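Colleague: I would like to learn how to read the sheet, the helices and the core of a model such as this one. Could we take them one at a time?

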Amino acid sequence: MAEKEVGVDLISLLGSPWTAKAIWILHHCGIPFHRRPFEPFADELWLRYKLGLWPWHLRFWSRFTVPIAIIKKFKKLQILMDSFDIAEWAITTSETKPEVEELRQLRHWNTLSDVLLEYGRANFVKAATRDVRVAIEVIAPPWMKKLPSFLVTMVMKVAVKVFAFKYRHENSHSTSSAVVQAVQQIRAAIQGGKGKYLLGDKFSYADIVMAIAINGLSPSEDVFQFTVPRKYDPEAIDLLHDFPDVKDWKNAVMKQHLPPVLKKNPSEFQS
């Protein structure tokens, strides 16, 4: 892929695990991209304008999430609005073309990762509803934290309610038992292979999505990812208590393959 022929704008929210999926696979495939930071609520109208939508368009009123990739190839424009669609495009665009069966397996692992991530998101909503300081600490942008505390609290209480309503369907179906079953599949794949990667002996998108998902349950100190700080939920159940091997696998994958932009390094957040 010639860099001059293709341009990729990635509308993304650093800290979001779904954004991390897109950034990591683009980085792994060697595809250059420009990251356009997105702030929930503040950028909602801008996002619709960027997508060419106006109030008289029915889709204007639809629910939108990031990441979104806007791909410019010659004079054609392609918009990808799902992290797996971005990954599939990146993988099929790279030099190594995957087989149909491999893509099917990658989709399976991506779906499984969402089970864990949606559980984490549901827990975040519960924690932030109990104590708005969770939302302020985790997702409030730096500029907002400089405002008077009463104003920040008021805005974030509204934001949490909107966030809870936006994902009410996914949150209501998220269970810890489904998470444990998903983690058991990870363990089986690790034990069934050589212990390093989920699909054979090579690093793939399956490892990316599951490492990110496991990190949501067992956060690494140097990874920039939205999670509920332990101090706000000290009695939270450790669903990975019986899976130290899965934790070790996640740590090894991130240590070897995690792109710098996804680490807790402020200088990288501007990339």
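Colleague: Which residue of S3 stands opposite Leu 10?

Modeller: Strands of a sheet pair through backbone hydrogen bonds, either parallel or antiparallel. This is a predicted model, and in it Leu 10 stands opposite Ala 69 in S3. Another bridge to S3 joins Gly 7 to Lys 72. Over six bridges, S1 and S3 pair in the antiparallel sense.

Colleague: In what sense do S1 and S2 pair, and over how many bridges?

Modeller: S1, residues 6-12, and S2, residues 34-37, pair in the parallel sense over four bridges. The chain passes from S1 through helix H1 (residues 17-28) to S2, a β-α-β crossover that is right-handed.

Colleague: What is the bridge partner of Ala 69 in S4?

Modeller: Ala 69 has Leu 80 as its bridge partner in S4. S3 and S4 run antiparallel and are joined by five bridges. They form a hairpin with two residues between the strands, where Phe 74 takes a positive phi near 55 degrees.

Colleague: In what order do the strands lie in the sheet?

Modeller: The order is S2-S1-S3-S4, in an open sheet of four strands with mixed pairing. S2 and S4 (76-80) each have a single partner strand and stand at the edges, so one side of each is left without a neighbour in the sheet. On average, neighbouring strands are turned by 20 degrees against each other, direction ignored.

Colleague: Is S1 mostly covered or mostly open?

Modeller: In a regular strand the side chains alternate between the two faces of the sheet. For burial, one looks at both faces. S1 is mostly covered, with six of its seven residues buried. Helix H3 lies across S1, S3 and S4, and runs at about 130 degrees to S4.

Colleague: Now the helices. At what angle do the axes of H1 and H4 cross?

Modeller: They cross at roughly 145 degrees and come within 10 Å, H4 being residues 100-130. On the H1 side the contact is made by Pro 17, Trp 18 and Lys 21; on the H4 side, by Asn 110, Ser 113, Asp 114, Leu 117, Glu 118 and Arg 121. By type, the residues of this contact divide into three nonpolar, two polar and four charged.

Colleague: How many residues does the largest nonpolar core have?

Modeller: In soluble globular proteins, nonpolar side chains tend to be buried together. Here the largest nonpolar core has 59 residues, and those with the most contacts inside it are Trp 24, Trp 89, Trp 109, Ile 186, Leu 198, Tyr 205 and Met 210. Elements that give two or more residues to this core include S1, S3 (68-73), H1, H3 (83-93) and H4. H9 (176-192), H10 (205-217) and H11 (244-257) are also among them. The most comes from H10, with nine residues.

Colleague: Which residues does Trp 24 touch?

Modeller: Leaving aside residues up to four places away in sequence, Trp 24 touches Phe 203, Ile 208, Ala 211, Ile 212, Val 253, Met 254, His 257, Leu 258, Pro 259 and Leu 262. There is also a second, separate core of 16 residues, which includes Phe 124, Ile 136, Met 156 and Tyr 232.

Colleague: Is Ala 213 buried or exposed?

Modeller: Ala 213 has a relative accessible area of 0%, so this residue is buried. Its place is in helix H10. Ala 213 touches Ser 113, Leu 116 and Leu 117, not counting residues up to four places away in sequence. From Ala 213 to Asp 114 there are 99 residues in sequence, but 7.4 Å in space, C-alpha to C-alpha.

Colleague: For the chain as a whole, what share of contacts joins residues at least 24 apart?

Modeller: Among contacts between residues at least 6 apart in sequence, that share is 70%. The protein chain has 271 residues, of which 45% count as buried, and its elements are 11 helices and four strands.

Methods
Residues numbered from 1 in each chain as written. Predicted model: local features only at pLDDT ≥ 70, side-chain atom pairs only at ≥ 80, totals over all residues. Heavy atoms only, no water. Pairing = 2+ DSSP bridges. Right-handed = clockwise from strand over helix to strand, strands pointing away. Axes fitted to C-alpha atoms, helices over the stretch in contact; angles between N-to-C directions. Contact = heavy atoms within 4.5 Å. Nonpolar A, V, L, I, M, F, W, Y, C, P; charged D, E, K, R; others polar. Core = buried A, V, L, I, M, F, W, Y, C linked by side-chain atoms within 4.5 Å. Buried < 20%, exposed > 50% of the residue type's maximum accessible area, 1.4 Å probe, protein only.
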